[in-house]
Amino acid sequence: MSLQLARWDSGGILLTYWCNAACADCYENSSPRKNSILPVEDAKEYLRELRQLGCTGPRFHFAGGEPFYNYRHLIDCFEVAQEEGMLPLGKLETNAFWCTNDELVRERLTEIERFGIVELLVSSDVFHQEFVPMKGRKDEKISRTCERD
Ligand code: SF4
């Protein structure tokens with residue numbers, strides 16, 4: 001009997017274990033005490049390997065920790081994905097802690113759109129709200145900015 005493995009067509013990459021939050025249910029145990037970040041050169045190698053395995057950009061997601069920990073690093077990783085021919089990219093996860101004003105949100109969403117991000121996933125539940133409160137919800141700034149533009 002031969003065993004046939006299904007083709008690997010989707011994947012994700014954790015850019016850092018740092019997070020402004022330390023949610024009780026975080027399966028990565030991310031927190032502000034963890035400052036490790038994935039070197040861009042390593043990201044390039046993993047993306048290349050994943051692409052060779054059949055994973056395409058739209059079936060790919062970027063996460064953390066909080067991927068917006070170091071915004072420049074996030075964009076550098078997207079550029080590496082672009083070099084590897086993986087655009088458009090799939091999903092990007094965030095708890096939206098960085099959404100401190102409309103102008104910043106607009107600026108970053110515009111730049112991220114350039115890489116074809118299909119979905120921006122905003123984490124929000126009772127565990128997250130301990131660190132990113134509902135009052136003046138940050139993700140509202142994202143929706144407001146998206147609606148206007
Ligand atoms: S926001 Fe997400 S990555 Fe950060 S601690 Fe909470 S569950 Fe973990």
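Predicted model: local features only at pLDDT ≥ 70, side-chain atom pairs only at ≥ 80, totals over all residues.
The protein chain comprises five helices and four strands, which follow one another from the N terminus in the order β-α-β-α-β-α-β-α-α. Of its 149 residues, 28% count as buried. Among contacts with a separation of 6 or more, 81% join residues 24 or more positions apart.

Helix 2 was examined in detail. This element covers residues 71-83, and its 13 residues should span 18 Å at 1.5 Å a residue; the end C-alpha atoms are 19 Å apart, which agrees with that expectation. The buried positions of helix 2 are Leu74, Cys77, Phe78 and Ala81. Viewed down the helix axis, these buried residues fall within an arc of 100 degrees, and they therefore line one face of the helix. Their packing partners are helix 1 (40-52) and strand 2 (60-63). For Cys77 in particular, the contacts beyond four places in sequence are with Leu15, Val40, Ala43 and Phe62. Just after helix 2, glycine 85 adopts a positive phi of about 70 degrees.

In soluble globular proteins, nonpolar side chains tend to be buried together. The largest nonpolar core of the model contains 18 residues, of which Leu47, Leu74, Cys77, Phe78, Ala81, Met86 and Leu89 touch the most other members. Helix 1, strand 2 and helix 2 are the elements that each give two or more residues to this core. The greatest contribution comes from helix 2, with four residues. Another core, of seven residues, lies apart from the largest one and includes Ala21, Cys23, Val105 and Val132.

A shell of 13 residues surrounds the ligand, the closest being Cys19, Ala21, Cys23, Cys26 and Asn95. By residue class, this shell divides into five nonpolar, six polar and two charged residues.

Methods. Residues numbered from 1 in each chain as written. Near = placed C-beta within 6 Å. Nonpolar A, V, L, I, M, F, W, Y, C, P; charged D, E, K, R; others polar. Expected span 1.5 Å × (residues − 1). Buried ≥ 20, exposed ≤ 12 C-beta atoms within 10 Å, placed from the backbone. Arc of directions from axis to C-beta. Contact = placed C-beta atoms within 7 Å. Core = buried A, V, L, I, M, F, W, Y, C linked by C-beta atoms within 7 Å.
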